[in-house]
Amino acid sequence: MADTEYSYGSSVKSGASDELINTYVLRPAAGVLVKVLYRTPVTPNQVTLAATAAGFLAAALYGTGTPHATLAAGLCVTLKDLLDSADGQLARAKGMFSRAGRFLDSIGDFAVNLAVFAAIAAAMVRHGAGAEAPVLCILAFLGISLRVSYHVFYQTSFLHLRNAYTGNRTSEEISEEDRGEDPLTAGLHRTFLLLYGWQDRLIARIDAFSLGHASPAQGRAERWYGDVTGVRLSGFLGLGTELFLLTACSVADALDLYLLLNIAGMNLLWACCVGYRRGVLRRRLGRG
C-alpha cells in the first residue's frame, strides 16, 4: 500500500549509485509530476507507456531530418527521460513495483532506442549522407544499449548489497520461482531475455575480466560491488546521461557530432570504467 503522504525520499534510489543528471535534474523534476499523480488512479505502467509513446514521437520527428523537427525530437527525448524517471518513482512511492513493469520499462527503452537510431539513419541518408550513416547509427545503438546495461549491472549489484531495489536482478534468467509468473509477466520476461539476455551475459563476462576471475573472493563482494567510486563512474553511462547528450546535440542540430560523441567519447568513458575496476580496484582487493 502507498504511504498516506507522498515522500520524495521514498521514491528515489540510492544517490550514490544514481546518475548525476538524475539526482540533480530529472528525479527532482519527476518528483513534481509524481506528487501530482500520487493520489490519482494513474499507474506506473501507464506512465511507462506514456514514456514509450514520447520516445516514438521523437523517432518520427527525427525521421523528417529538418532542424526544427530535430529540435522538437530532442525535447521529446527529454520528455521520455522525465517520464522514465517518474514511472519508477511513482512505483516506489505507491508501493506498486511489479516484475511486469520492470520488464515493460526495459523493453520500451530498447524499442525506442532502436526506432530513434533507425530514424536518424534514414534521415541522414535521405539528406545526402553516405552509406556510412546507417553503420554509425547501428554502432551508436549497440553502444548505448551495452553501456546502459553495464551501468545497470553495477547499480543493481550496489543496491542489492544494501537490500534496496531488489526487484531487479543482474541476471534475469528464468528461475524456478519465475515459473509461477502470470502470463503477461512471463511473456514480457521472455521478450526481455531475447533483447537483453545476451547483453547481461556479456556484462557479466566483462565483470569477471575486470576482477580477474569468476566472482569476488569470500567476503570481498562488498568492496567490489559496493565501491562508490566505481559505481559513480559507471553512472555516467546510464540512460539519463546518454539521452541528455542526445537532447543537447539535437537542440544544436548536430547529430553528426552526437554520433561521434556516442561512438568515440562514451565508449572511451566506458573503457575508463573497466580500466578503473581492473587496474585500480582489483589491486586494492588483492592487497586487502
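Q: How many nonpolar, polar and charged residues are in the lining of the largest cavity?
A: The model is predicted; local features need pLDDT of at least 70, side-chain atom pairs 80 or more, while totals for chains, interfaces and linings use all residues. Residues count from 1 along each chain as its sequence is written, and side-chain values use heavy atoms, without hydrogens and water. A cavity is a set of points on a 1 Å grid over the protein atoms alone where a 1.4 Å probe fits but cannot get out, and lining residues have an atom within 4 Å of a point. By class (Ala, Val, Leu, Ile, Met, Phe, Trp, Tyr, Cys and Pro nonpolar; Asp, Glu, Lys and Arg charged; the others polar), the lining has 7 nonpolar, 1 polar and 1 charged.

Q: Which helix supplies the largest share of the lining of the largest cavity?
A: The lining includes Val77, Lys80, Asn113, Phe117, Ile144 and Leu246. At least two lining residues each come from α3 (67-94), α4 (99-126) and α9 (239-251); helices are DSSP runs (H or I, at least four residues), numbered from the N terminus. The largest share, 4 residues, belongs to α4.

Q: Why does Phe236 count as partly exposed?
A: Phe236 sits in the loop between α8 (228-235) and α9. Partly exposed lies between buried (under 20% relative accessible area) and exposed (over 50%), with a 1.4 Å probe and protein chains only. Phe236 counts as partly exposed because its relative accessibility is 35%.

Q: What separates the C-alpha atoms of Ala208 and Tyr165?
A: Ala208 lies in α6 (residues 183-211). Ala208 is partly exposed, at 22% relative accessibility. Along the chain, Ala208 and Tyr165 are 43 residues apart, and their C-alpha atoms are separated by 23 Å.

How values were computed. 1 Å grid on protein atoms, 1.4 Å probe; cavity = no way out; pocket = protein on both sides within 12 Å on 5 of 7 lines; lining within 4 Å.
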